[in-house]
Structures are given as C-alpha cells and as structure tokens.
Amino acid sequence: MRVKLRDGSCFPEVLEAVNISLACVDGVIAVIAFSQLIRIHSRNSQLGWTRQKVFLLMIGSSNMGYFVYFVLTLISACKEWLCWSNSCGFLVMAFPEILFLAVFLLLLSFWVDLCHQADEEDDDDDEWSIREALLAMTLNKPSSSSNSESHRRCCPFRTVHIGSRQKIVLLVVVLLFVLMMVFAVLIWIGMGKNPIDSSFVTKVYAVFFAIAILLLGGALACYGIFLFLKMRKVRSQRASSEMWKVAGLAVVSVLCFTSRAIVALCTDIPVLYLSLPRHVNGVSTSLLLILYYCIGSSIPSAFVLWVMRELPPPRVAINLQAEPRTVTFISGTPASVHHPQSWTATSRAQNQIQRASPI
C-alpha cells in the first residue's frame, strides 16, 4: 500500500515503481555477494582475506548502500524529511558510490600489476600460488611456525600484506570519504542564510564523481586491451578463459561507466533527492534513473559477481612451514646448462597465466 501526502501521492507511479525495482535489484545483488562471501570463507577460512573475498565484501556493501538509499528516498518523500534534501540524503547517496568506485579502482590496480609484473618476475616467482591472495598472508619464520599459524588463523588482519598499488587505492578511497564529509558539511552550512548554495555544491560533487568514473572506465579499457593482448600470446585453456573475462570486464566497464557519466554531466539525476516529487517528470526521469543506476552500477557489479562465481578449492590441511624446501639441480646434459632462457620464459608465461585472473 502506498503512503500518501496531502496532495495524494509521494512519487509519480512510474517513478515509484522504478525506485522499488532498483532497490530490489541492488538488494538481490547484495544478498548474492554476501552469501557467496560466507560460502567461500567457510570453504577456506585459513587463507584469510583473499582478493575474491574483498571484492565480494565491497560489492555487497555498495549494493546494500544503494538499496538503503532507494528505500529511504521513498520514505523521506512521504514523511517530508527536511534533512534528507540536504546533507543526510547526500551522505546516503555518496557512500555506496565511493564503495562502487573503490571496487573498480582495486580491479584496475591488479590489472596494472599484471601488465607490469614482467620487470619484477625474477624477484617474486615463488611468492604467489595459483589462488593468489589479494591481501596475502605474510610468511613467518619457521622457528615460530606453530604459534604463528594459530595466531594467523585467529587474527588474520594483523598479518596481511598489501601491495603498493593497492595501498594507493586505499589512500584514494580514504581521501574520497574525507572529501565526501567536507561536501556534506558545506551542504549543511548552505541550509542557513549564507552565500553557499547547497544544490550547487552537490552538483559540483556529482560532476567531479562523473569525471572520475569516466577516467576509470578509460583506464580499465586501456589496461584491459593491453592485458588481453599479453594473455593472447600464451596458449592454454586457462589463458583463454581468463582472457575473455578481462575483455568482458573492460567492455562492460567502458559502456556502463560512459553512460553513467553522460547522465551525471547532462542531467540532475545524481541529485534527484534534492527535488520535490511534484517537480519530477515521471517517465523521462525513470528512464534516466535506469540508465544511471541499473546500467551504470548494478550491471557492472553483477558482471563482476558472475566472473567470480567459481568457488575456490576446499581447504587442505597442509603445513607449509613444517619442512624447509630443498631443491637440487643436477645438470645431466649440456643443453640444460647452455639454454636456460627457454625454460625461464616458459615458466614466466605460465606464472603470468596463473596470476592473470582478473578478480
């Protein structure tokens, strides 16, 4: 049953249906992401926070934030919340957008690692496994292996190692949250009698975020093409599968991010919560909402979930610290001595494919 105001309606019927549909879509994506996260963590909890788990957590949180935003938008219109059309609505709108941006910034950082790992291949060929962790557990010394292993299982956050490019992503996300709070304070100040225009401040933020999304889509396209061509040189079934995942993610990112940025730059859809329902054209606004939110964020998130649909292998109780590894090379033929480059090149190619999962 619809809640009605004095004029008889909260939203135009079409716009209300679209908001409810968008909330349901994002809610379903969030539930899928969190349920997949629980399944994966129960399957191999000893690995700590892998890249797959972090992506699932961020996608689930982002889409849950969008779900809350759409629900509160409908409720605030019916209840006439004055705070919602100012800083409160802005915060609820901006929080999931930053998490959404962080997901693909993190994806871009891994693609950059894959594209530039050739220069560092000699130093860390033995450091990662096929199921490379996003936040790989740092290895402790063998002398304290038993204690450190139990400590690592109980407190995985204290022993995580974050790559240099992932640290940059973390810093950028923190700065974006700080910027969000600054804009929220300016919007709140603009509610009083002063020269600050809250709607203008919100529009500036929307334009800034649209440009950031557009640049991110372009960067994903460039590195996606480069990584696709690099993986194409290696002939294996795994390489072919990962290659098309990269291509699909690059294409979806470019198309969806471009459409989202165009809507944000040319319309007031990102700041729709500032408008009273009676001033909104139901049909055209509904189409723009679908283009901005569903195509611009829900589809990319759902595609990432589809790429990550495979479960990792079940937990195997192997103590990697128990025995030191000793490898002895015995050269039996001159060929093994004078032609090591062929073996090295093959190993590097296989290692790159093992690491080349886009998620």
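This is a predicted model: local features need pLDDT of at least 70, side-chain atom pairs count only at pLDDT 80 or more; totals for chains, interfaces and linings use all residues.
Residues are numbered from 1 along each chain as its sequence is written, and side-chain values use heavy atoms, with hydrogens and water left out.

Asn86 sits in the loop between α2 (51-79) and α3; helices here are DSSP runs (H or I, at least four residues), numbered from the N terminus. Along the chain, Asn86 and Gly190 are 104 residues apart, yet 8.7 Å separates their C-alpha atoms.

Now step into helix α3, where you will find Ser109. Ser109 counts as buried because its relative accessibility is 5%. Leaving aside neighbours within four places in sequence, Ser109 is in contact (heavy atoms within 4.5 Å) with Arg165, Gln166 and Val169.

Next, look at how two helices meet. Helix α5 (residues 164-189) and helix α6 (residues 198-232) pack at an angle of about 160°, with their axes 9 Å apart. The axes are lines fitted to C-alpha atoms, for helices over the stretch in contact, and angles run from 0 to 180 degrees between N-to-C directions. The angle makes α5 roughly antiparallel to α6, a label for angles over 145 degrees. Among the residues that meet are Leu176, Leu179 and Phe183 in α5, and Val201, Tyr205 and Phe208 in α6.

Finally, turn to the aromatic rings. The structure holds 16 aromatic pairs, counted when ring centres of Phe, Tyr or Trp (its six-membered ring) lie within 6.5 Å; planes under 30 degrees apart are stacked, over 60 edge-to-face and the rest tilted. One of them joins Phe100 and Phe257 edge-to-face, at 5.7 Å centre to centre and 75° between the planes. Phe100 lies in helix α3 (residues 87-116) and Phe257 in helix α7 (residues 237-266), so this pair ties together parts that are 157 residues apart in sequence. Both Phe100 and Phe257 are buried. Elsewhere, Tyr66, Tyr69, Phe70, Trp84, Tyr292 and Tyr293 form one aromatic cluster.

Rings can also have a charge over them: the charged end of Arg51 sits over the ring of Phe110, 4.4 Å from its centre.

Conventions: Buried means under 20% relative accessible area, exposed over 50%, partly exposed in between (1.4 Å probe, protein chains only). A charge sits over a ring if NZ of Lys or CZ of Arg is within 6 Å of the ring centre and within 35 degrees of the ring normal. Angles under 35 degrees count as roughly parallel, over 145 as roughly antiparallel, 65 to 115 as roughly perpendicular and the rest as oblique.
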